[in-house]
Amino acid sequence: MKKGKFLRSIIIILIVLCAACSAEQPVAVEGEVEAEAASLQTKIDGKVNAAEASIQEDESMYIVNDSVNMRQRPSTDEQIEDVLYEGEEVRFLSADGSWFEVSNGEAKGFVHQSYLDLPDQESESAGRDVLILMYHAIDDYKGSGSKELYVTPENFESQMQYLKSEGFTPITFADLDHLKGIEKPVLITLDDGYKNNMNAYYILQKLKDDDFPAKATIFMIGNKIDQKHGLSTEQLKEITASGIISIQSHTVTHPSLPTIGNYEQELGEIKNQLEGITGEKVIALAYPAGKYDDKVIEETKKYYDYAVTIHQGIANMSESPYEMKRIRVNYTTSIDGFEYMVNH
């Protein structure tokens, strides 16, 4: 028996026994202790709520109590629509806090999540290593700016060809919860949103086939959009619509986040701006210059599911999703050096 199911059973038994011992309180009928059980369950094992579980619509789950009342609305005071029994399969429809709206094919209503065998949301990705590559400009160096921030288009293509030949699968941040069956996932990220990132897009577009999905993520600075050296609004729409490039956040002005006070603008407004342009969810942030602290992480959690650092190393899905490590690829990174970095 799973630990969660065992704990739920013990909790329910204790509640019923305690109620029976009281001369002033009637014994709760089966399926009427949703709120009490949920409170104790949360204290014991920190059970996730509906938003954190990321359960998909129509996903199947099963009743784990002898009998449970399906309510018209998310409350034990509401009308009973049907009675569900242990082992009965239901389909997830929506969530309202810790209550799930479900259907058994004949009726639909609300059941508290503590009476459902929830899908193991971590089974696909927990503990998995994920290679995250960090690039900036994809262009020939012409003497302006830091040379090490450049990777020539020729080198970038050689590196992508290597990933393809070695069986790596490019993914986006939206794929991180669904790594089952992906043996060698890699996130290809480009910081700042330079106009020359179109070179990366064209190379990935050329390499894309059934075996190599050719995806990458551009962390876009809001103030660079439609500027001389930044991607334009139309380019952002084009590369997003292709399915090849995911646009994520690199703040509005690229500030040192530990020193600012207006997090809503730098973290929230850019998210809304980018989602308005691309029509896609923005769920990840790259800390400008890699600078962050506990306060920055706290604020980041209000807007994003993931954040990447400039700490060198392989990210692991069992570690903090707001301190994900990356491997920097530079102008002087040889193909031999690249092969070594992605395999160690």
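Predicted model: local features only at pLDDT ≥ 70, side-chain atom pairs only at ≥ 80, totals over all residues.
Lys295, Glu299 and Lys302 are linked in a network of salt bridges. A search of the whole structure finds 10 salt bridges.

Start with aspartate 175 and lysine 215. They form a salt bridge, with 3.2 Å between the closest N and O atoms. Aspartate 175 sits in the loop between strand 11 (169-171) and strand 12 (185-192), while lysine 215 sits in the loop between helix 5 (197-207) and strand 13 (216-220), so the pair ties together parts that are 40 residues apart in sequence. How exposed are the two partners? Aspartate 175 counts as buried, because its relative accessibility is 19% and the cut-off for buried is under 20%. Lysine 215, at 22%, counts as partly exposed.

Lysine 237 and glutamate 234 also pair up. Their side chains meet in a salt bridge at 3.9 Å, N to O. Both residues belong to helix 6 (residues 233-241), and being 3 residues apart they are separated by about one helical turn. Glutamate 234 is exposed at 56% relative accessibility, and lysine 237 is partly exposed at 38%.

Aspartate 139 and lysine 142 make another salt bridge, with the closest N and O atoms 3.3 Å apart. Lysine 142 is exposed, with a relative accessibility of 65%.

Now step back to the whole chain. It has 9 helices and 18 strands. Of its 344 residues, 47% count as buried.

What lies in the interior? The largest nonpolar core has 52 residues, and Leu133, Tyr135 and Phe156 have the most contacts inside it. Helix 5 gives the largest share of this core, 6 residues. A second, separate core has 17 residues, including Val130, Ile171, Leu187 and Met324. In soluble globular proteins, nonpolar side chains tend to be buried together.

Leaving out residues up to four places away in sequence, phenylalanine 156 touches Tyr135, Ile138, Val151, Ile188, Ala200, Ile203 and Leu204. Three of these names return in helix 5, where Ala200, Ile203 and Leu204 are among the buried residues. Asn197, Met198, Tyr201 and Leu207 are buried in helix 5 too. The buried residues of this helix pack against strand 9 (137-138), helix 4 (153-165), strand 12, strand 13, helix 6 and strand 14.

Helix 7 comes next. It covers residues 263-278, 16 residues in total. From first C-alpha to last it reaches 22 Å, close to the 22 Å expected at 1.5 Å a residue. Where does helix 7 bend? A kink of about 25° is centred on glutamate 269. The buried residues of helix 7 include Leu267, Ile270 and Leu274, and also the charged residues Glu266, Lys271 and Glu275. The buried residues pack against strand 13, helix 6, strand 14 (245-249), strand 15 (284-286) and helix 8 (294-300). Glycine 279 follows the helix, and its phi is positive, near 75°.

Threonine 251 leads back to helix 7 from another side. It lies in the loop between strand 14 and helix 7. Leaving aside neighbours within four places in sequence, threonine 251 is in contact with Met220, Ile221, Gly222, Leu257, Glu266, Leu267, Ile270, Leu285 and Pro288. Glu266, Leu267 and Ile270 are among the buried residues of helix 7. Methionine 220 is 31 residues away along the chain, yet its C-alpha atom is separated from that of threonine 251 by 7.4 Å. The side chain of threonine 251 also reaches the backbone nitrogen of histidine 254, at 2.9 Å.

Finish at histidine 112, in strand 6 (residues 108-112). Histidine 112 is buried, with a relative accessible area of 5%. Which side chain does it meet? The side chain of histidine 112 makes a polar contact with the side chain of serine 98, at 3.0 Å.

Note on methods: Residues numbered from 1 in each chain as written. Heavy atoms only, no water. Salt bridge = Lys/Arg side-chain N within 4 Å of Asp/Glu carboxyl O. Buried < 20%, exposed > 50% of the residue type's maximum accessible area, 1.4 Å probe, protein only. Helix = DSSP H or I, 4+ residues; strand = E, 2+ residues; numbered from the N terminus. Polar contact = N/O pair within 3.5 Å; in protein donor to acceptor, adjacent residues only side chain to side chain. Core = buried A, V, L, I, M, F, W, Y, C linked by side-chain atoms within 4.5 Å. Contact = heavy atoms within 4.5 Å. Expected span 1.5 Å × (residues − 1). Bend = angle between axes of the 7 residues up to and from the residue.
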